[in-house]
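Please keep the sequence and the model in view while reading.

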Amino acid sequence: MNRVPISAHETADELVQDILASFIRLAGEAIASRGVFRVSLSGGSTPKRLYQEIAASSLDFSRIQWFWGDERNVPHDHADSNFRMVNEALLKPAKIAAANVFPVPVRVDDPAAAAMDYEKIMRRQFGVAENSAESGRQQSDFPQWDLVLLGLGDDAHTASLFPETSALEVCDRWFVENWVEKFSAFRYTLTAPAINSGREIWFLISGSGKREAIGKIMGDERNFRLYPSQLIRPTRFFVTSDALPEGNSV
Ligand code: 6PG
């Protein structure tokens, strides 16, 4: 984990500009070599600032497909909806075509069915057939994201992989509903193998409130049930300097 490149910046503004430049570079490379750039989006405050900047950029949005790495079990127009956040920060301002947008088909009363539906939608887009649980364990059966964007919760959760939840153990599905006791609610989330199959996996983290959580995911005490982000194999960390634990420098 410590060998993963860390890009650290003094301010959140500088951080977002660095992520934006990296995002634009990566999108250009993916579109040039594969004709499409498939991104899994995160909720959270740092990503939101990035999305606003992406909306104002001159990227070729016709070649970018947007998916959600996690979602709350609420209608898309609800204040807590990750779709709503992305819609307002990015999709509407950039006038992104609906054909390139793949939101979680939330079903408040049947999250299990909605999660299964979303997995089917994603499999169709990635051209990966539904397989048995056994063959689903091969890396090639999981989505080859060009980029997975992730936030980090104060409790070391990422996406909606929360401590002590059932989704942490799932390795034969891409996307599942996940009961989170502390919210008394279901969330929807990519599973760890469906995140780790990404070509690029970036954690976007800002603020001193995240220092302890970063310490946990980079630390020696390995316990993914308590620190779910330990399940993830990121390719890069983008952080503000105040989020870094003592002894971690760039
Ligand atoms: C969500 C997220 C979640 C988030 C972290 C960090 O929907 O809640 O996807 O994983 O990224 O909680 O959020 P902040 O950046 O707001 O601290």
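## Ala185 and strand β8

Ala185 is located in strand β8; helices (H or I, at least four residues) and strands (E, at least two) are DSSP runs, numbered from the N terminus. The model is a predicted one, in which local features need pLDDT of at least 70 and side-chain atom pairs count only at pLDDT 80 or more, while totals for chains, interfaces and linings use all residues. Residues are numbered from 1 along each chain as its sequence is written, and side-chain values use heavy atoms, with hydrogens and water left out.

Ala185 counts as partly exposed because its relative accessibility is 26%; buried means under 20% relative accessible area, exposed over 50%, and partly exposed in between (1.4 Å probe, protein chains only). Not counting residues up to four places away in sequence, Ala185 touches Asn178, Trp179 and Val180, where contact means heavy atoms within 4.5 Å. Ala185 and Arg72 are 113 residues apart in sequence, yet their C-alpha atoms are 8.6 Å apart in space.

## Positive phi angles

Most residues other than glycine have a negative phi. Ser184 is not a glycine, yet has a positive phi of about 50°. Ser184 belongs to the loop between β7 and β8 (185-190), and counts as exposed because its relative accessibility is 52%.

Ala156, likewise not a glycine, has a positive phi of about 70°. The loop between β6 (147-150) and β7 (175-180) holds Ala156. With a relative accessible area of 1%, Ala156 is buried.

## Helices α1 and α2

The axes of helix α1 (residues 12-34) and α2 come within 9 Å and cross at roughly 55°. Axes are lines fitted to C-alpha atoms, for helices over the stretch in contact, and angles run from 0 to 180 degrees between N-to-C directions. The two helices are therefore oblique to each other; angles under 35 degrees count as roughly parallel, over 145 as roughly antiparallel, 65 to 115 as roughly perpendicular and the rest as oblique. On the α1 side, Ala12, Asp13, Leu15, Val16, Gln17, Ile19, Leu20 and Phe23 meet Thr46, Arg49, Leu50, Glu53 and Ile54 of α2. The residues of this contact divide into 8 nonpolar, 2 polar and 3 charged; Ala, Val, Leu, Ile, Met, Phe, Trp, Tyr, Cys and Pro count as nonpolar, Asp, Glu, Lys and Arg as charged, and the others, Gly among them, as polar.

Thr46 is part of helix α2 (residues 45-55). Thr46 counts as buried because its relative accessibility is 7%. Apart from neighbours within four places in sequence, Thr46 is in contact with Leu15, Leu204, Ile205 and Ser206. Glu29, in helix α1, counts as partly exposed at 48% relative accessibility. Glu29 and Asp146 are 117 residues apart in sequence and 9.8 Å apart in space, C-alpha to C-alpha.

How many residues of α3 are buried? The number is 8 of 10, so α3 is largely enclosed by the rest of the structure. The buried residues of α3 are Asn82, Phe83, Met85, Val86, Asn87, Ala89, Leu90 and Leu91. Their cover includes β2 (37-41), α2, β3 (64-68), β4 (70-72) and β5 (101-102).

The axes of α2 and helix α3 (residues 82-91) come within 7 Å and cross at roughly 35°. Lys48, Tyr51, Gln52, Ile54 and Ala55 of α2 make this contact with Met85, Val86, Ala89 and Leu90 of α3. The contact residues comprise 7 nonpolar, 1 polar and 1 charged.

## The nonpolar core

The largest nonpolar core has 78 residues, and Trp66 and Leu90 have the most contacts inside it. Such a core is a set of buried Ala, Val, Leu, Ile, Met, Phe, Trp, Tyr and Cys residues joined through side-chain atoms within 4.5 Å.

Leaving aside neighbours within four places in sequence, the contacts of Trp66 include Phe23, Ile54, Leu90 and Leu91.

## Pro111 and helix α4

Pro111 lies in helix α4 (residues 111-126), and counts as buried because its relative accessibility is 8%. Beyond residues up to four places away in sequence, Pro111 touches Asn73, Glu177, Phe186 and Tyr188. Pro111 and Leu147 are 36 residues apart along the chain, with 25 Å between their C-alpha atoms.
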